[in-house]
Amino acid sequence: MDCLFCKIIAGKIPSAKVYENDYVYAFRDIQPQAPVHVLIVPKEHISSIDEVTPANSDIVRHVAEAIPEVAKALGLENGYRVITNVGEDGCQSVRHLHFHLLGGAKLPERMA
């Protein structure tokens, strides 16, 4: 598979890892849009939230449970934003389900 995030998870491409467990890998975004900008991904390849099924939804549960752990570890005590992009119109640049965790400052209500 030629997936950028799968290669990062496998250690074939370096990343600034901030969290890892058996199901989830989180690393700093190389083009941060906030003081804290981390990508949280399932280790199993799922293309997008559109590809979540009853057969793989448990994997997404692990990601959802990891998000507040990562936020706490990064000191995001006053809040944060979680975003996932889907498809071309949603500006999904990597076809591997991922959640952007943004924080570290008061975020604008509207992000372009």
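How many salt bridges does the count come to? The count comes to five salt bridges, a salt bridge being a side-chain nitrogen of Lys or Arg within 4 Å of a carboxyl oxygen of Asp or Glu.

This is a predicted model, in which local features need pLDDT of at least 70 and side-chain atom pairs count only at pLDDT 80 or more, while totals for chains, interfaces and linings use all residues. Residues are numbered from 1 along each chain as its sequence is written, and side-chain values use heavy atoms, with hydrogens and water left out.

**Salt bridges**

| Pair | Distance, N to O |
|---|---|
| Glu 20 and Lys 17 | 2.9 Å |
| Lys 43 and Glu 20 | 2.8 Å |
| Glu 65 and Arg 61 | 2.8 Å |

Lys 43 lies in the loop between strand S3 (36-42) and helix H2 (57-73), and Glu 20 in strand S1 (residues 17-20), so this pair ties together parts that are 23 residues apart in sequence. Helices (H or I, at least four residues) and strands (E, at least two) are DSSP runs, numbered from the N terminus. Glu 65 and Arg 61, in contrast, are four residues apart in helix H2, and about one helical turn separates them.

Relative accessible area is used here with these cut-offs: buried is under 20%, exposed is over 50%, and partly exposed is in between (1.4 Å probe, protein chains only). Glu 20 is partly exposed at 37%, as is Lys 17 at 46%, and Lys 43 is partly exposed at 26%. Through salt bridges that share partners, Lys 17, Glu 20 and Lys 43 are joined into one network.

Seven of the seven residues of S3 are buried, so the strand is largely enclosed by the rest of the structure. In a regular strand the side chains alternate between the two faces of the sheet. In S3, Val 36, Val 38, Ile 40 and Pro 42 point one way, and His 37, Leu 39 and Val 41 point the other way.

Two strands pair if DSSP finds at least two bridges between them. Strand S2 (residues 24-28) runs antiparallel to S3 and is joined to it by five bridges; here Arg 28 stands opposite Val 38. Strand S5 (residues 99-103) also runs antiparallel to S3, again with five bridges, and His 100 in S5 is the bridge partner of Leu 39.

**Nonpolar cores**

A nonpolar core is a set of buried Ala, Val, Leu, Ile, Met, Phe, Trp, Tyr and Cys residues joined through side-chain atoms within 4.5 Å. The largest one has 18 residues, of which Val 38, Ile 40, Val 70 and Leu 101 touch the most other members. S2, S3, H2 and S5 each supply at least two residues of this core, and the largest share, seven residues, comes from H2.

Contact means heavy atoms within 4.5 Å. Leaving aside neighbours within four places in sequence, the contacts of Ile 40 include Val 24, Tyr 25 and Ala 26, then Val 63, Ile 67 and Val 70, and also His 98, Phe 99 and Leu 101.

**The largest pocket**

On a 1 Å grid over the protein atoms alone, a pocket is an open set of points where a 1.4 Å probe fits, with protein on both sides within 12 Å along at least five of seven lines, and lining residues have an atom within 4 Å of a point. The largest pocket holds about 620 Å³ of space, the volume being the space filled by probe spheres set on the points, which are joined across faces, edges and corners. Its lining has 25 residues, and Asp 29, His 37, Leu 39, Ser 93 and His 100 lie nearest the centre. Helix H1 (4-9), S2, S3 and S5 each supply at least two lining residues; the largest share, three residues, comes from H1.

Val 94 is found in the loop between strand S4 (80-83) and S5 and is buried, with a relative accessible area of 11%. Val 94 and Phe 5 are 89 residues apart in sequence, with 7.6 Å between their C-alpha atoms. Not counting residues up to four places away in sequence, Val 94 touches Leu 4 and Phe 5.

Glu 69, in helix H2, is partly exposed at 43%. From C-alpha to C-alpha, Glu 69 and Tyr 19 are 8.8 Å apart in space, and 50 residues apart in sequence.
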